[in-house]
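Open the model in your viewer and start with the whole chain in cartoon view. The tour then moves to selected side chains.

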Amino acid sequence: MCGIIGYSGRLEAKQVLVNGLEQLEYRGYDSAGIAQITKETIEITKTTGNVSVLKRKLGEKETIASHCGIGHTRWATHGGVTEENAHPHQVGKVTLIHNGIIENYKKIREDYGKGILFHSQTDTEIAAMLFDSFYHGNPEEAIWNTVAKLEGSYAFCILFEDIPNTVYCIRKISPLVAAYAKEGAFVASDITALIAYTQDYFVVPEDTILVLTDEKAELHNRKGNIVEKEMLHVKWDFTAAQKNGYPYYMLKEIYEQPEALWNTVAPRIKEDIPDFEEEQIPDSVFESIKQVKIVACGTAMHAGLIGKVLIEKRVRLSVGVEIASEFRYASPIIDSNTLVIVISQSGETIDTLASLRLAKELKAVTLGIVNVKGSTIARESDYVLYTHAGPEIAVASTKAYTVQIAALCLLTMRLAFVKKTLGRGEITRDFALLKESMECVKRSLLLEPQIQEMTACLTDARDLFFIGRGIDYALSCEGSIKLKEISYIHSEAYAAGELKHGTISLITEGVPVIAIATQESVFSKMVSNIREVKARGALVILITKESMQVEDSIFDYHFTIPEIADDYTPIPAAVILQLIAYHTSLRRGLNVDQPRNLAKSVTVE
Ligand code: F6R
């Protein structure tokens, strides 16, 4: 979490840093700060609150003219949200920003910090002290000596008081990308902060120092030799990372789904069946697979729940869906005949990454479904199937989720082809069904006015339940997280048949229940469950396919998706749930894109 940026070049540093922080704000928005360096001085400006507060503060004071600096937007880990704890931190000749957690900070403080007056409660200030204590005029030596003592994760951007115009960076686990463009050298937590200047960048490798000056962005190894950069290119540009007239990124991203889905699916289709030749995923990879594990966090894990239904039904392989933060500390039963699919929008989620590493240690075949090109999970997976959703900036994931489902559909079809559990004709038909469901997203988007109106009944809700069966239950989990994370209404997802084993005691007069009933095979069972909650006074918001006959007495609001095959309903139905969450949050007067306590990219445990 936390967004970091560094710059050295011909532009005014303050502007570059603040613009970059605005793009990185989704990574954390508890506090923000910048440090600018000149030959004479280092000037730090920091504040609690988000980047707009920092901008105001910078506008109110006379700042130095500088062309080099570092900036940080914080998601608090060590120490509360105070100005003292905001980055940058300065100790002696060292000023730095940090993303990550230094786990052995107490020991370092004991060993090296005696007699030093610290101003914050952060692990970062202690790291700054260590850099300073090792700094005797040679920055790279100080960096190597310092990181040798650190345990945990970090991405540091460091200024040394007597070396103006230069930013030094090093990372372990926490991400950093860098670029050199005509305006100068840049480093940031991710490419969105650099996209205004370039679409070409490189990932800063671990165990390497990045040196930024107005003339270069250079990588050095321990011996001080230059390390070759592996350049990457993103296809999207600056406009893709803007709101483009939408009030919130989340709404923009909801509306981008038809295109995102198409961009993800179209390049993989040859002769109407999925083909991963371009991805260099040979069929032989799948031939010996005897079981599948899908490992991810949050929304990405919910996409995995849909994948489980699809793969088990069509490929007849057993699929386990695992929460990454549990999986990494469990004793999973996997081997070289296991396909471990890790799903991650950011490609940086620490628990998912750790799970991937564990799966590799246990010799499983690993495949990443990842949105961010060049991210750590993408680089470390044996095979990668990129989703092409473009940048997702709102904290609440929307388009990344539906494209993850689409990618899992493609993967299922290819697995079924290789394992011969479906014939070519059946797969072609499946692909047509997937396309149909993608088309239906536009129909769901047309429901926005009615959904907006309906959400008036949710504004004051305290608790809310989502119910569904089969694939609709998997989707309920996603509907529930989306609603609770941005509306702060307590919500839970229940397999509809499980309700009467405890939870139904919570259904009283007026409690909203969002019932997803798109599956024909269990439709009558769902109707019975809905009757049960209605009989106890629930306010029922029902989602079905158009053709499904329901009596008016069992719902208060009814939204429909077109007539599509059962297994492909989650894509258009998810859009309805996203719009419900969005408008409920708006009605409650909340900042949809920046829900409290949450950050987009969870790079710390
Ligand atoms: C919810 C949400 C999170 C993420 C989760 C995993 O809207 O966005 O639950 O899905 O933190 O993130 P990635 O996919 O980046 O690994």
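The model is predicted.

**Whole chain**

Colour by secondary structure. The chain has 18 helices and 27 strands. Its radius of gyration is 25 Å, close to the 25 Å that the globule rule gives for 605 residues, so the chain is as compact as a globular protein of that length. Along the principal axes, the C-alpha atoms fill a box of roughly 75 × 55 × 45 Å.

Now show the surface. Of the 605 residues, 62% are buried. Turn to contacts with a separation of 6 or more: 72% of them join residues 24 or more positions apart.

Colour the charges next. There are 63 positive and 78 negative side chains. The centres of the two sets lie 2 Å apart.

**Aromatic pairs**

Show the rings of Phe, Tyr and Trp. With ring centres within 6.5 Å as the cut-off, the count comes to nine aromatic pairs.

Select Tyr 135 and Phe 160. Their ring centres are 4.5 Å apart and their planes are at 40 degrees, so this pair is tilted. Tyr 135 sits in the loop between helix H4 (123-134) and helix H5 (139-147). Phe 160 belongs to strand E7 (residues 152-160), and the two residues are 25 residues apart. Both Tyr 135 and Phe 160 are buried.

Move to Phe 186 and Tyr 197. Here the ring centres are 4.4 Å apart and the planes are at 20 degrees, so the pair is stacked. Phe 186 lies in strand E10 (residues 184-188), and Tyr 197 is in the loop between E10 and strand E11 (200-203), so the pair ties together parts that are 11 residues apart in sequence. Phe 186 and Tyr 197 are both buried.

**Ile 143**

Go to helix H5 and pick Ile 143. Is Ile 143 buried or exposed? Ile 143 is buried, with a relative accessible area of 0%.

Which residues does Ile 143 touch, leaving aside those up to four places away in sequence? Select Phe 131, Ile 158, Phe 160, Tyr 168, Ile 170 and Ile 209. Phe 160 is also the partner of Tyr 135 in the tilted pair.

Finish with a distance. Ile 143 and Ile 5 are 138 residues apart in sequence, and their C-alpha atoms are 18 Å apart in space.

Conventions: Residues are numbered from 1 along each chain as its sequence is written. This is a predicted model: local features need pLDDT of at least 70, side-chain atom pairs count only at pLDDT 80 or more; totals for chains, interfaces and linings use all residues. Side-chain values use heavy atoms; hydrogens and water are left out. Helices (H or I, at least four residues) and strands (E, at least two) are DSSP runs, numbered from the N terminus. The radius of gyration is taken over C-alpha atoms; the globule rule is 2.2 Å times the number of residues to the power 0.38. Buried means under 20% relative accessible area, exposed over 50%, partly exposed in between (1.4 Å probe, protein chains only). Contact means heavy atoms within 4.5 Å. Lys and Arg count as positive and Asp and Glu as negative; His and the chain ends are not counted. The place of a charge is taken as NZ of Lys, CZ of Arg, CG of Asp or CD of Glu. Rings of Phe, Tyr and Trp (its six-membered ring) pair if their centres lie within 6.5 Å; planes under 30 degrees apart count as stacked, over 60 as edge-to-face and the rest as tilted.
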